[in-house]
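Please look over this structure with me. The notes below go from one residue to the whole chain.

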Amino acid sequence: MPRNRRPQDREEKREEILAAAQRLFIDDGYESASMGQIAKNAGVTVNTIYWYFRDKDDLLIAVLDRLLAEALAQYATIADRPLGDRLLWALDRLERLHGLVNTVHTRAAASPAVHAWHTGFHELADTLVADDLRKAGAAEADLPAMTAIGTFVIEGLLTHRRDDAGKRAVIDLLVHNLTTAPTRT
């Protein structure tokens, strides 16, 4: 007969499931990480996971929210650095999670929930960059195109890897062009 586990707070158990899923999603990939493996690593049954998360995509979104909250807390500590440094910092964090970045792009096409998370992530990123561009004097009408260019460059650097000097050169040119672009009237 299995031994009884100690009583455990609901939030503590949820965090253990999230930690196990995060490890497996990052180390093995979303597709390779089965709910059974996640349950085993969290020390729970598969049914227990479904008490906390509707499905694997819901668990993915919770992991993404957790990672985003950690990143935003870290970002706050570098908020006074130049925009180029902050973009390189963000690029470095995304490169570390390259598998999850690819998963989000793949799953967004099939999962309305992941698509909504992805859209919200881009809206947040666009807002952060737009605020900096606004402070640099960019015209409000130009901000949507300018933030889109920034997104394309970051996603391009994630897909087409460069060494540190190459990334710095691309980001510096991007920031220079975005912050010194003539305003449209």
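Is aspartate 58 buried or exposed, and at what relative accessibility? Aspartate 58 counts as buried, because its relative accessibility is 17%. Buried means under 20% relative accessible area, exposed means over 50%, and partly exposed lies in between, with a 1.4 Å probe and protein chains only.

This is a predicted model, in which local features need pLDDT of at least 70, side-chain atom pairs count only at pLDDT 80 or more, and totals for chains, interfaces and linings use all residues. Residues are numbered from 1 along each chain as its sequence is written, and side-chain values use heavy atoms, leaving out hydrogens and water.

**Salt bridges**

A salt bridge here is a side-chain nitrogen of Lys or Arg within 4 Å of a carboxyl oxygen of Asp or Glu. By this rule the model has 12 salt bridges. Three of them are set out here.

| Pair | Closest N and O atoms |
|---|---|
| Arginine 54 and aspartate 58 | 3.5 Å |
| Arginine 86 and aspartate 132 | 2.7 Å |
| Glutamate 140 and arginine 134 | 2.8 Å |

Glutamate 140 is partly exposed, with a relative accessible area of 49%. Elsewhere, salt bridges that share partners join Asp85, Arg168 and Asp172 into one network.

The partner of aspartate 58 is arginine 54. Arginine 54 has 63% relative accessibility, so it counts as exposed.

**Arginine 86**

Arginine 86 sits in helix H5, residues 83-96. Helices are DSSP runs of H or I with at least four residues, strands are runs of E with at least two, and both are numbered from the N terminus. Arginine 86 counts as buried because its relative accessibility is 7%. Arginine 86 lies in H5 and aspartate 132 in helix H7 (residues 112-135), so the pair ties together parts that are 46 residues apart in sequence.

What else does arginine 86 touch, leaving aside neighbours within four places in sequence? Its contacts are Tyr75, Ile78, Ala79, Arg81 and Asp132. Contact means heavy atoms within 4.5 Å.

**Helices H1 and H4**

Helix H1 covers residues 10-27 and helix H4 covers residues 56-76. They pack at an angle of about 90 degrees, with their axes 9 Å apart. H1 and H4 are therefore roughly perpendicular to each other; that term covers angles of 65 to 115 degrees. On the H1 side, the contact residues include Ile17, Leu18, Phe25 and Ile26. On the H4 side they include Leu59, Leu60, Val63 and Leu67. The residues of this contact divide into 11 nonpolar, one polar and four charged.

**Annotated region**

UniProt, in an unreviewed entry, places the feature "DNA-binding region" at residues 34-53. Such annotations may be inferred rather than shown by experiment. Over residues 34-53 the chain is 75% helix and 0% strand. The end C-alpha atoms of this stretch are 14 Å apart.

**Whole chain**

The protein chain has nine helices and zero strands. Its C-alpha trace spans about 75 × 35 × 30 Å along the principal axes. Of the 185 residues in the chain, 39% are buried. Among contacts with a separation of 6 or more, 64% are between residues 24 or more positions apart.

Terms used. Axes fitted to C-alpha atoms, helices over the stretch in contact; angles between N-to-C directions. Parallel < 35°, antiparallel > 145°, perpendicular 65-115°, else oblique. Nonpolar A, V, L, I, M, F, W, Y, C, P; charged D, E, K, R; others polar.
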